[in-house]
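Good morning, and thank you for making time for this presentation. I would ask you to keep the model in view while I speak.

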Amino acid sequence: MLNYFIIKLAPGNPVDMFIDPNTPKEVLELRKEILGLNDPVILQYFKWLLNLLQGQLGYSFSSYAPVTKIIGERIGPTLLLASAALIFGMLIAIPVGILSAVKQNTKFDYIMTGLSFIGTSIPQFFLGLGLIYVFAVQLKWFPTGGMITLGGAGGFWDRLTHMILPVFVLGIVIAGKKVRYVRASMLDVMNMDYLRTANSKGLHPFIVTNKHALRNALLPIITVVGMEIPLLLGGSILIEQIFQWPGIGQLTIQSILSRDYPILMGLNLVAALIVLTTNLLTDLLYAAADPRIKYT
Amino acid sequence: MALSPYELDEGSMSAVIPAESVKPETEDAFLKQLFTRFIRHKLAVAGLVITVLLILVALLAPWIAPNDPKEVTGVFSAPPSAEHWLGTDQVGRDVLSRLIYATQISLIVGFVTVALYVTVGTLIGIVSAYFGGWLDMLIMRITDMFMAFPFLMVILVVISILGSNMTTIILVLALFSWPSVARLVRGSVLSIKQLDYINAGVALGLSTPRILFRHIFPNAVGPIIVNATFGIASAIMSEAGLSFLGMGVQPPTASWGNMLTDAQSLTVLTDQPWLWVPPGAMILLTVLAINFVGDGLRDALDTRQ
């Protein structure tokens, strides 16, 4: 538990060092003065920290809107996309992984393991482009990008059709990685003595697999899913760019291109917070799933 | 010398760690066993063959590429023809030649990045585990910090400041990849440190570096090799992703990633598939091949089976 406090004390530290020194050269000297960019780097950083303690993240260099407001508008879509992708990925990975483990060394197992390799090896942006080409351009089943139809009526269905392709791309990569974890974890558990007991008691194989084995196999999986969150956020940068999804990934690219440092600092802070929160959630979930672990 | 309990102990040890380099002939036998195990993994062998072919393509690029990758040689955006097998791009450069030269970029980024961070990570991991105490604590907290950040986001920011070219990409990718190796190495060194033969080495008065590099490192090398192999694949993928976003290798130098950038426009995506399908397929093929090799190595080195 101590770990989290130590990390929490240093949000953005390694990053901020990189961000501050290079002040945009194209910005006028006068504006630099107003924004305080001519101050020494250390002073800027401490000013930023001080403002942070008061809940202020400063104002965007390009639009002068408060950073908190800009990020606040963008974070919802990203969380929506990322969590939908995580759920979708796990919904594929857990059943497929279990089946692969139960039917170890059968055709099904080999095909699924092979597919999971392709899933992890395909570049997300290539898969995304391919899907846009097939399903949006050729078949016209889904829109090519964006979150809602511009000028359209909006609503749940509209949003859903916009979500399917990006969620699929992000989810497939997660599923590809996790299938192998679930499979390995199930195989470990299935060799345990208590499963032999359960089987010899004459319990139905379905119950043995899903009640006795799965619960124990889930423990390592929870940890692995928690570790996936930073990668998911990173992946969403590419996906949001391809699908024109108005989330923080797209904002990152825009801010980098316009050298909007206050926003970038804010984004990194938010990203670190998301990662820390999910780490904490992972720990709590772990405790909930394993009665042997108790936090005191 | 060979007391029976000692022999017994050594026997059980080599069951856990076959890399134990006691005598040259056991090492040979180990390598042979490794080879037979690797060969059994059909996909890994296929992956290895493809990887070797790709390395050959990269090395022989100047001789097999039909045109100069940076030179305008034909009409722009021409579909595939006898003259240009994969057509030409939007400026009129030969797509096939660019594809071949881009192999160099990807493989260099993959191998150099991994060589760099595996070396650094291994050294840090060994030091951290062997000395322990506050140093270990400090190093582990640093790795925690590195691993908590969304990798790609931070890399993008750093690259946007340092400027994007192949050297910065390699350095930045290595900078954010060493912590996982350090942790892996630390873990295996910690478990090896407990073994009796290390105590014997200390008792014999061997120097610390000698114990670290002659006696501990060879036994920890298996997982490092597996990790490095997967690392090459992921570095290649990261480079492609960065170049795709325009934050990586810059045109006119060809990289599979920046060849895909054009496909963000719907006209290219719809009407000129020869521009974006081949580089994407090459990334997939390369990464898949290297991952299969990694999987084969993992199975071959995994002595639990």
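Two remarks on conventions come before the details. This is a predicted model, in which local features need pLDDT of at least 70 and side-chain atom pairs count only at pLDDT 80 or more, while totals for chains, interfaces and linings use all residues. Residues are numbered from 1 along each chain as its sequence is written, chains are lettered from A and ligands numbered from 1 in the order in which they are written, and side-chain values use heavy atoms, with hydrogens and water left out.

How many salt bridges does a search of the whole structure find? Over all chains, the search returns three. The term stands for a side-chain nitrogen of Lys or Arg within 4 Å of a carboxyl oxygen of Asp or Glu.

Let me begin in chain A, where the side chains of A:D109 and A:R183 form a salt bridge with an N to O distance of 2.8 Å. A:D109 belongs to helix α6 (residues 107-121) and A:R183 to helix α8 (residues 156-190), so the pair ties together parts of chain A that are 74 residues apart in sequence. Helices here are DSSP runs of H or I with at least four residues, strands are E runs of at least two, and both are numbered from the N terminus. A:D109 and A:R183 are both buried. Buried means under 20% relative accessible area, exposed means over 50%, and partly exposed is in between, with a 1.4 Å probe and protein chains only.

In chain B, B:R186 and B:D136 meet through their side chains in a salt bridge of 2.7 Å, N to O. This pair links distant parts of the chain: B:R186 sits in helix α9 (residues 178-193) and B:D136 in helix α6 (residues 133-148), 50 residues apart. B:D136 has a relative accessible area of 11%, so this residue counts as buried.

Another salt bridge joins the side chains of B:R298 and B:D295 at 2.9 Å, N to O. Here both residues lie in helix α14 (residues 273-301) of chain B, three residues apart, or about one turn of the helix. Is B:R298 buried or partly exposed? B:R298 is partly exposed, because its relative accessible area is 34%, whereas B:D295, at 10%, is buried.

I turn to chain B as a whole. Chain B contains 14 helices and zero strands. Of its 305 residues, 49% count as buried. Taking contacts (heavy atoms within 4.5 Å) between residues at least 6 apart in sequence, 70% join residues at least 24 apart.

The surface of chain B also carries a nonpolar patch, whose members include B:L48, B:W63 and B:F111, with about 1000 Å² of accessible area together. Such patches consist of residues with over 30% relative accessible area and no salt bridge; nonpolar side chains (Val, Leu, Ile, Met, Phe, Trp, Tyr) are joined within 5 Å, and like charges within 9 Å. Accessible areas come from the Shrake-Rupley method with a 1.4 Å probe, and for residues only the protein chains shown count as cover. The largest share, seven residues, comes from α3 of chain B.

Finally, the unreviewed UniProt entry lists residues 79-102 and 217-243 of chain A among those under "transmembrane region"; such annotations may be inferred rather than shown by experiment. Residues 79-102 are 100% helix, with end C-alpha atoms 34 Å apart. Residues 217-243 are likewise 100% helix, and their end C-alpha atoms lie 35 Å apart.
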